[in-house]
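Hi,

Could you have a look at the structure below when you get a moment?

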2 protein chains.
Amino acid sequence: MITMDPTEPLPEELASLLELFHAGKRTALARAISVIENERPGFQEFLHRVLDAGPRAQRIGVTGPPGGGKSSLIAALAHLYRAGNEEVGVVAVDPTSPFSGGALLGDRIRMNDLANDRGIFIRSMATRGSLGGLAATSKEVIDLMDAFGLTRLLIETVGVGQTELEITGAVDTVVVVLVPESGDGIQAMKAGLMEIADIFVVNKADRPGADHVLNDLQSALHLRAGGAWAIPVLKTVAQTGEGVPELLDAVDRHREHLEESGELEVRRRGRAAVRVREVTERALRGILWGGTGTAALLEAGLDEIQRRTATPYSVAASILGVLLNGD
Amino acid sequence: MITMDPTEPLPEELASLLELFHAGKRTALARAISVIENERPGFQEFLHRVLDAGPRAQRIGVTGPPGGGKSSLIAALAHLYRAGNEEVGVVAVDPTSPFSGGALLGDRIRMNDLANDRGIFIRSMATRGSLGGLAATSKEVIDLMDAFGLTRLLIETVGVGQTELEITGAVDTVVVVLVPESGDGIQAMKAGLMEIADIFVVNKADRPGADHVLNDLQSALHLRAGGAWAIPVLKTVAQTGEGVPELLDAVDRHREHLEESGELEVRRRGRAAVRVREVTERALRGILWGGTGTAALLEAGLDEIQRRTATPYSVAASILGVLLNGD
């Protein structure tokens with residue numbers, strides 16, 4: 001009955017893809033991502049093989065309300081990493097992001113600039129309106145980039161919905177980006193951003209009100225019981241690059257803190273637990289609704305519901321009975 | 001192994017709640033909703049019993065971008081229904097809605113007015129940041145209101161996220177609310193609102209630009225192949241009640257269309273199918289992660305992942321093997 005055995009031989013096509021992937025071919029990464037996104041036969045076996053080395057890259061989430069300049073900030077960070085010869089992956093999980101087409105001209109130029117650099121791999125993933133599973137896939141794409149050997153992964157989310165929060169949980173360091181416009185400091189606390197931030201950035205800090213938001217945030221952070229990591233609040237101007245090296249330093253310091261405190265292993269274990277649950281449930285859904293037996297049960301049950309001789313609850317119980325007990 | 005049998009006797013407390021519910025006690029509806037929301041033991045058996053009569057109420061979804069006056073429009077519709085002595089249920093699935101506290105003064109007065117009317121039952125449900133299951137619960141709350149005998153159900157969503165789209169799929173008639181401000185017509189098409197609308201409303205139609213948006217929408221609708229239902233585009237001013245009787249008429253005409261074309265049964269069957277899937281998967285998740293056997297397997301698997309001797313994919317395969325094959 002099991003449809004997934006990760007130790008099974010790969011389909012031939014994926015076996016040759018795996019070779020190219022391990023050889024570091026950029027096109028193999030792109031093809032592997034498509035395989036994962038489309039859940040092609042053997043994709044879990046493929047992931048099982050490429051992930052056996054475990055996570056290595058630094059995973060940085062950049063989140064915050066729309067219009068904060070997250071994409072520009074990611075572009076600025078990516079440029080700095082490239083100057084240091086790091087291989088960079090960018091995943092934008094946000095349909096309004098410049099990475100996926102909603103760009104201002106300035107951002108677009110920056111992005112095109114990045115897109116021509118072969119040391120950077122950019123992938124946009126839409127979330128809006130999709131029904132289930134996409135959060136899991138986004139995280140698997142991040143894993144693929146990691147396994148491919150990209151050393152810095154920058155993940156952009158809007159940070160309001162469930163999917164975005166889940167993806168935020170998939171990174172080591174969460175950078176929350178705000179802007180000087182009034183109220184943002186308070187908004188951040190309301191929206192739960194306070195709980196997820198490892199680093200706060202007030203971007204567009206050349207605008208009026210930057211220090212006000214900065215002070216707001218610092219007061220709010222001061223009120224919270226101090227953990228082992230003192231959450232820094234930084235000012236940046238992504239368009240000019242001002243403050244970006246300091247942000248990069250803070251990200252590195254947070255990574256050191258995670259490693260030294262053992263928190264990195266705790267976070268990775270938590271992520272692995274979430275992943276096991278997702279993979280299990282996805283496979284189970286496949287077994288549950290892919291089989292002709294349950295499909296027929298479902299149709300018969302819907303007839304009964306329409307005749308008022310059953311409810312969704314009794315139909316669900318019958319389906320579960322067949323799946324688990326064979327009766 | 002099955003943990004859900006809807007024909008089992010109810011826990012004593014729920015049995016007496018069921019009596020009060022069937023007797024039409026308003027407090028019983030409120031308590032029943034809490035039971036569902038908190039997934040208290042026996043909640044599925046309770047739902048099985050109250051839903052045996054099937055859906056009867058008219059379910060109207062009101063959606064659109066924030067700031068369109070959806071809450072005011074719902075209040076205006078509710079007032080009209082109350083004038084006709086209908087019993088009305090309102091479910092607001094939107095954390096920024098006046099129903100849940102983000103009100104302008106005018107809206108707040110209208111809402112308080114409604115809250116004092118015992119023929120109206122209002123329930124707000126937050127979605128933001130919650131992890132899974134809430135969409136299902138919201139729909140079960142709508143079912144409860146229906147089973148209780150409320151005849152008109154008004155469901156407010158923002159209509160952007162996955163949860164909101166799912167809930168929109170849980171109603172008979174979808175009213176999409178826009179405002180005269182430029183670009184909204186085009187935005188609507190982009191955001192997929194065009195695909196879900198049964199009726200378009202340009203609210204705040206006393207503002208400049210209303211006719212422009214109206215024409216935009218009508219042109220866009222004209223371009224689409226005509227179905228059996230010609231989607232009306234109406235103008236309203238919720239604050240004064242202007243155009244609201246016409247909206248109510250359009251909703252009724254749509255309901256008639258659904259009944260006569262057989263589409264109502266098709267939609268209800270589709271909803272029942274979604275519900276069966278949700279209930280089955282929720283129960284399965286409970287069995288999967290509630291058992292001590294799988295919990296121990298998960299922990300052992302995480303240790304192996306940390307030692308790089310397993311991946312989430314091989315651990316998931318082991319857990320599935322135990323659940324389904326007992327090996």
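Here is what turned up, starting with how to read the model.

This is a predicted model, where local features need pLDDT of at least 70 and side-chain atom pairs count only at pLDDT 80 or more, while totals for chains, interfaces and linings use all residues. Residues are numbered from 1 along each chain as its sequence is written, and chains are lettered from A and ligands numbered from 1 in the order in which they are written.

Helix H13 of chain A (residues 292–306) packs against helix H12 of chain B (residues 263–290) at about 125 degrees, with the axes 10 Å apart. (Helices are DSSP runs of H or I, at least four residues, numbered from the N terminus; axes are lines fitted to C-alpha atoms over the stretch in contact, and angles run from 0 to 180 degrees between N-to-C directions.) H13(A) and H12(B) are therefore oblique to each other, meaning not under 35 degrees (roughly parallel), over 145 (roughly antiparallel) or 65 to 115 (roughly perpendicular). Among the residues making the contact are Leu298(A) and Ile305(A) from H13(A), and Arg269(B) and Val276(B) from H12(B). Contact here means C-beta atoms, placed from the backbone, within 7 Å.

Next, the domains of chain A. An automatic or database assignment gives domain 1 (1–52), domain 2 (54–261) and domain 3 (291–325). Domains 1 and 2 of chain A each put eleven residues into their contact. On the domain 1 side, H2(A) gives the most, with six residues.

Cheers

How values were computed. Helices (H or I, at least four residues) and strands (E, at least two) are DSSP runs, numbered from the N terminus. Two residues are in contact if their C-beta atoms, placed from the backbone, lie within 7 Å.
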